Amino acid sequence: ISDNSFVSEFPMFIDYPIVSNGFKFEDNFINITYIGSLDENNRNPTKVLELLSRCKADKPLKVHIWGNVTAKIEKIISEYKNLVEYHGYVNNENVQYIYSISDFLLNISNKVTYKMMPSKIFQMFSTGKHILNYCEVEYDVTKSYFCGYPGTIELSNDTIVEELSNIITK
């Protein structure tokens with residue numbers, strides 16, 4: 001964070017209408033939702049998927065991905081076919097509904113454009129859900145916001161799988 005940066009009061013609630021599109025998750029999984037773009041340079045899910053694939057929880061994990069992905073990321077996703085389900089695009093009016101029925105939300109912070117604030121994080125915060133936050137860049141602009149959100153579960157390359165498994169199972 002630069003010397004001229006500041007963090008104001010943490011936003012606690014944003015009133016988004018929840019519109020059901022009839023989508024349902026399977027009950028026999030712990031359902032984790034990621035909505036956004038993924039690519040090999042800026043938001044690469046490889047390390048997160050590797051970490052989540054090793055978790056042992058009371059139910060198997062299922063990572064649901066909506067958004068724009070590159071061909072290379074689509075190939076990576078296919079390597080985790082037992083863990084990941086790619087749904088393609090989602091209309092903005094259905095995002096809050098999908099978040100509301102998820103067990104956990106997933107954020108993969110920007111690696112290259114880490115000085116940009118993605119507006120989706122505030123929409124995620126407004127759900128009150130636990131957010132698995134993966135951030136590779138020490139000076140990511142979102143870190144101070146995630147530190148202030150009580151439902152943040154920080155993920156990194158140093159995350160201990162057994163500890164994460166215990167957190168997800170609770």
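These are my notebook entries on a predicted model of one protein chain.

**Entry 1. Overall layout**

I began with the secondary structure and counted six helices and six strands in the protein chain. I then read the order from the N terminus, which is β-α-β-α-β-α-β-α-β-α-β-α. The chain has 170 residues, and 46% of them count as buried. I looked up the contacts between residues at least 6 apart in sequence and found that 71% of them join residues at least 24 apart.

**Entry 2. Nonpolar cores**

Which residues have the most contacts inside the largest nonpolar core? I noted Leu-52, Val-63, Leu-106, Leu-132 and Leu-164, in a core of 29 residues. Several elements supply at least two residues each, including strands S1 (30-35), S2 (61-66), S4 (104-108), S5 (131-134) and S6 (152-155). Helices H1 (46-53), H2 (71-79) and H6 (161-169) also supply at least two each. H1 gives the largest share of this core, with four residues. Apart from this core I found another, of 17 residues, among them Val-90, Val-95, Ile-98 and Leu-105. For background I wrote down that nonpolar side chains tend to be buried together in soluble globular proteins.

I went back to Leu-52 and listed its contacts, leaving out residues up to four places away in sequence. Leu-52 touches Ile-32, Leu-61, Val-63, Leu-83, Leu-132, Leu-164 and Ile-168.

**Entry 3. Strand S1**

Is S1 mostly covered or mostly open? I found it mostly covered, with six of its six residues buried. Ile-30, Ile-32 and Tyr-34 point one way from the strand, while Asn-31, Thr-33 and Ile-35 point the other way. Both sets are buried. S1 pairs with S2 in the parallel sense, over six bridges. I checked Ile-35 and found that its bridge partner in S2 is Trp-66.

**Entry 4. Helix H2**

The buried residues I noted in H2 are Ile-73, Ile-76 and Ile-77. Seen down the helix axis, the buried residues of H2 fall within an arc of 100°, so they line one face. I recalled that an α-helix has 3.6 residues a turn, so residues three or four places apart point the same way. The face of H2 turned away from the buried side carries the exposed residues Ala-71, Lys-72, Lys-75 and Glu-79. What covers the buried residues of H2 includes H1, S2 and strand S3 (84-88).

**Entry 5. Helix H3**

I moved on to H3 (residues 92-101) and listed its buried residues. They are Asn-94, Val-95, Gln-96, Tyr-97, Ile-98 and Tyr-99. Val-95 and Ile-98 are also among the residues of the 17-residue core. The cover over the buried residues of H3 includes S1, S2, S4 and helix H4 (120-125).

**Entry 6. Salt bridges**

How many salt bridges does the model have? I counted two. In one of them the side chains of Lys-47 and Glu-136 meet at 3.3 Å, N to O. Lys-47 lies in helix H1 and Glu-136 in the loop between S5 and helix H5 (143-148), so the pair ties together parts that are 89 residues apart in sequence. I looked up the exposure of both partners. Lys-47 has a relative accessible area of 41% and is partly exposed. Glu-136, at 34%, also counts as partly exposed.

In the other salt bridge the side chains of Glu-50 and Arg-54 meet at 3.0 Å, N to O. Glu-50 is partly exposed at 36% relative accessible area. Arg-54 is partly exposed too, at 42%.

**Entry 7. Lys-56**

Lastly I looked at Lys-56, which is found in the loop between H1 and S2. Is Lys-56 buried or exposed? Lys-56 has a relative accessibility of 64%; the cut-off for exposed is over 50%, so Lys-56 counts as exposed. I still found contacts for Lys-56 with Ser-165 and Thr-169, not counting residues up to four places away in sequence. I also checked the distance from Lys-56 to Val-161, 105 residues apart along the chain, and their C-alpha atoms are separated by 8.2 Å.

Methods:
Residues numbered from 1 in each chain as written. Predicted model: local features only at pLDDT ≥ 70, side-chain atom pairs only at ≥ 80, totals over all residues. Heavy atoms only, no water. Buried < 20%, exposed > 50% of the residue type's maximum accessible area, 1.4 Å probe, protein only. Contact = heavy atoms within 4.5 Å. Core = buried A, V, L, I, M, F, W, Y, C linked by side-chain atoms within 4.5 Å. Salt bridge = Lys/Arg side-chain N within 4 Å of Asp/Glu carboxyl O. Arc of directions from axis to C-beta. Pairing = 2+ DSSP bridges.
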